[in-house]
Amino acid sequence: MTCDLEGGNLGSMNKVVEVAIGLPVSKTFHYLIPEEFRGSLRIGMRILVPFKGRKVTGFAIDLLDAPPAGIEEKLREVEDLLDEMPLIDPAMLLFCRWVAEYYVYPLGEVIKTALPPGLHLKSEWVVSVTDRGRMALRRGDCGPMQTRVLNEIEGRPSVPLKDLLRAFNGEVTRDRLFSWKKQGLLHVEAELDGKEVGPKLKKVVQLSGGSIPVPPSRKKAEILKWLEGRGKVSYSELTRQFKSPSQAVHSLEAAGYLLISTEEVIRNTSVQSDLKPYPKPEPTRNQQAMLGEILKGVHSKRYSPFLIYGVTGSGKTEIYLRAIEEVLARGKEALVLVPEISLTPQLLSRFKDRFGENLALLHSGLGRGERYDQWRKIWKGEVPIALGARSAIFAPFRNLGIIIVDEEHDPSYKQEDKLKYHARDLAVVRAKQVGATLLLGSATPSLESYRNAETGKFNLLRLPERIEGKSLPQVEVIDLKKGEGLLSEKVRSALQRNIEQKQQSLLFLNRRGFANFILCPDCGLVFKCPNCSVTLTYHFRDRSLQCHYCDYRVLAPGDCPRCEGHRLRGMGIGTERLEQEINSLFPGIKVERMDRDTTRRKQAPQKILKALESGQIDILVGTQMIVKGHDFPNVTFVGVVSADASLHFPDFRSSERTFQLLTQVAGRAGRGETVGQVVIQTFNPDHYSILRAKDHDFLGFYQEEIQFRKALDYPPFSRLVNFRLIGNSEKKTQSLADEMGQEGHTLLKKGYGKGIQILGPSTAPFAKLRGKFRWQMLAKSRNSQLLHQFARTLAASIEGKAKRAGVSLDIDVDPIFIL
Ligand code: ADP
Ligand code: ZN
């Protein structure tokens, strides 16, 4: 299959290239294009350029006839081209430019984020002659230019491509060398430095096809005979058949009997799902109507955004699958974002069942090589669908018809370090840029998205009922202030009943470990992390105290190190303790735990969920990992052990987050024939997040919450930017924070004050994390453009000072947690 991978300006003879460097510098730079690269260098290729005494990888983002006015310094030359074809096309470059602008982040770094990891290290192209090239040369089958070039490199192990181009001083072009590579005369390979990923290749052997005269030896004759009718055979297979065939094979090749070539092998993706096959149901009338609406959007070939608000189990996924079928039938491509693939094997297997080989997977659980292969399959136009976590928003499709964001409210769509993008927001941007249909789906839409539906920016589609009229579970709230202890009578009897009726239960507790912290009742000592401003969690399995934010870990002491008291006490419970309690309450039944401690190994979450599906687990205890969109018909009881942890987060989204978690976890119950039962234990039984979740009342929650946001002018009514300073020195970080505050207020006086409000600077809610001190300042505005201008101006005036003080400035546009 061939495809057009050109990045524009094909064959132009421009003399200057604008380069975005893959380093944290916000400027772009210009370089001269040496004669031998003119015409080959295209926008979207990686190139090697000199930068501050080093050679670094940059991306060609524009080609010009002359340097732009105002650039006086003498331009240096491009050292090498690193790609045969552009890695990003003009539409992707446009998208990256938007991202760089919006998130106030260097373009080169954005492009780097858009590409698979491991592509960015320095590498050099080297050229050598193939066996076939050597034969052709000896037989005199080459043209005059080929002969000169092949003679130049014959007998040398390899020659750097750029030296070769220089040696021929423009007489031979890079493109011509690559065309000889295609003819099999040359190897042109990137010399990898060991860390870089590249395609995985295998050697294949096949008969050359001509009539076969009497072969010279018995071994050779056997090889030829064996190859007959087999087509292409991998060299390794051949070596399994014949003992050390190398010499025979090469002489057969030289004599023209065989062809030896290399082929790309696609590394297998490690997320496999072997869950039950999924039937393809006929759409319900409601689904049918909704598909009709969506297809109108697809046919229009214009940006058509939809928010599907459908309760858990209402058939949203089936809508996605059907919509994709339609998009594919029109020759277009589909991109599907999900919060976390390893936690949603059911979704994955439904996609695999429906689309098989047409599906590429993109997520961080894959090895680097696997990820690279999946990315290349899309890049080469070999697969029309990609399913992935947030980074898949950069999938290199050229002909997108639809972008789907499942569980669009999920906070994992926000990347929390480096480039702090929100994949759902970027899905909106990308769909707009390429004129695609956009589907955002959730049972608990984010306030932002629902507001957009209210104001007409998104078309709202509703699925108010579960499939086949199944009812939503009945939810009860238990007041923990009444002293019920860890597990209320209600929860215990529901568990007992489910065990007797051979049904399954989930217990949700959003804290891992055994005890949240250890306290000495004699002197009041609480064990804290030396690197972070948090308490250490006690883990029973290895008797350790662990920090859940950095890697700090110590053996738990027997006595208080301060007063030598013997009464150290664990306070608060985590999933590890809960599992133990359940085991001792219900001996002999099968309990499993799913949290970050039990799922460190690859495939661990899939194994647990598979065991749940096949009925090998009676009670599954877990953190928010068990909340995702699983659909297990035999789970009929869900207990929320404590709903309070997320309520008390110092964040304006804590109510929203609590409502989402509770509604989603409750949605796991009763997906089969029996009506589900849910019990929520809490110290805040009157909180509206809890009451609305109890009634499955998203709209009621939305209306209540949106009032608060409006009154306090928080998103979606305003936009936020968080400026965070992070440094090793407490004093320097603080004094820089003071300066940032002053600078911010000066800017407000200079005119920004009309539209912008500043909160802080103050210490971040985690004042110290991983050994670094943290201060922050929030800027808030209803005017997004003004806010961005303010952010860039402030960043420009602070960056230099921060660098000198060894403090880093971290800009978070639209933060979802301001921790
Ligand atoms: P959601 O994504 O909204 O949670 P799903 O698409 O997973 O909902 O659907 C819930 C359940 O109903 C699944 O088991 C699915 O196979 C089934 N289902 C979906 N659509 C139909 C339909 N039209 N007819 C019968 N069953 C359906
Ligand atoms: Zn720590």
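This is a guided tour of a predicted model, stop by stop. Residues are numbered from 1 along each chain as its sequence is written, and chains are lettered from A and ligands numbered from 1 in the order in which they are written. Because the model is predicted, local features need pLDDT of at least 70 and side-chain atom pairs count only at pLDDT 80 or more, while totals for chains, interfaces and linings use all residues; side-chain values use heavy atoms, with hydrogens and water left out.

**Stop 1: the zinc ion**

Select ligand 2, the zinc ion, together with Cys529, Cys532, Cys547 and Cys550. The SG atoms of these four cysteines coordinate the ion at 2.2 to 2.3 Å. Donors here are N, O and S atoms within 2.8 Å of the metal (3.2 Å for Na, K and Ca); water is not among the atoms, so sites may look incomplete. The angles among the four donor atoms are 105 to 113°, and the site is tetrahedral, a label given to four donors if all angles lie between 85 and 135 degrees. Along the chain, the donors have the spacing C-x2-C-x14-C-x2-C. Cys529 is in the loop between β21 (515–519) and β22 (537–539) and Cys550 in the loop between β23 (544–546) and β24 (553–555), so this pair ties together parts that are 21 residues apart in sequence. Helices (H or I, at least four residues) and strands (E, at least two) are DSSP runs, numbered from the N terminus.

Now colour by accessibility. Cys529 is buried at 7% relative accessible area, Cys550 at 11% and Cys547 at 5%. Buried means under 20%, exposed over 50%, and partly exposed in between (1.4 Å probe, protein chains only). Elsewhere, Cys96 is buried too, at 0%. The whole structure has zero disulfides, a disulfide being a pair of cysteine sulfur atoms within 2.5 Å.

**Stop 2: ligand 1**

Select ligand 1 and its surroundings. Of the 18 residues around it, Glu282, Gln287, Lys316, Thr317 and Arg350 come nearest; a residue is near if one of its heavy atoms lies within 4 Å. A backbone N or O atom of Glu282 is 2.6 Å from a nitrogen atom of ligand 1. The side chain of Gln287 places an N or O atom 2.7 Å from a nitrogen atom of the ligand. For Arg350, look for a polar side-chain atom 2.7 Å from a ligand oxygen atom.

**Stop 3**

Go to strands β31 (residues 756–769) and β32 (residues 772–781), which are antiparallel and joined by eight bridges. Two strands pair if DSSP finds at least two bridges between them. Ile758 has Ala779 in β32 as its bridge partner. Two residues lie between the strands, and Arg770 takes a positive phi near 50°.

**Stop 4: other backbone features**

The bond from Pro715 to Pro716 is also cis, with omega near 10°. Pro716 is in the loop between α21 (698–712) and β30 (719–727). Glu407, not a glycine, has a positive phi of about 50°. Its loop runs between β16 (400–405) and α14 (423–434), and Glu407 is buried at 13%.

**Stop 5: Ser655**

Finish at Ser655 in helix α19 (residues 654–666). Ser655 is buried at 12%. Its side chain makes a polar contact with the side chain of Tyr688 at 3.3 Å. A polar contact is a pair of N or O atoms within 3.5 Å; within protein, one must be able to donate a hydrogen and the other to accept it, and residues adjacent in sequence count only if both atoms are side-chain atoms.

Notes
Tetrahedral: all angles 85-135°; square planar, octahedral: opposite > 155°, others 65-115°.
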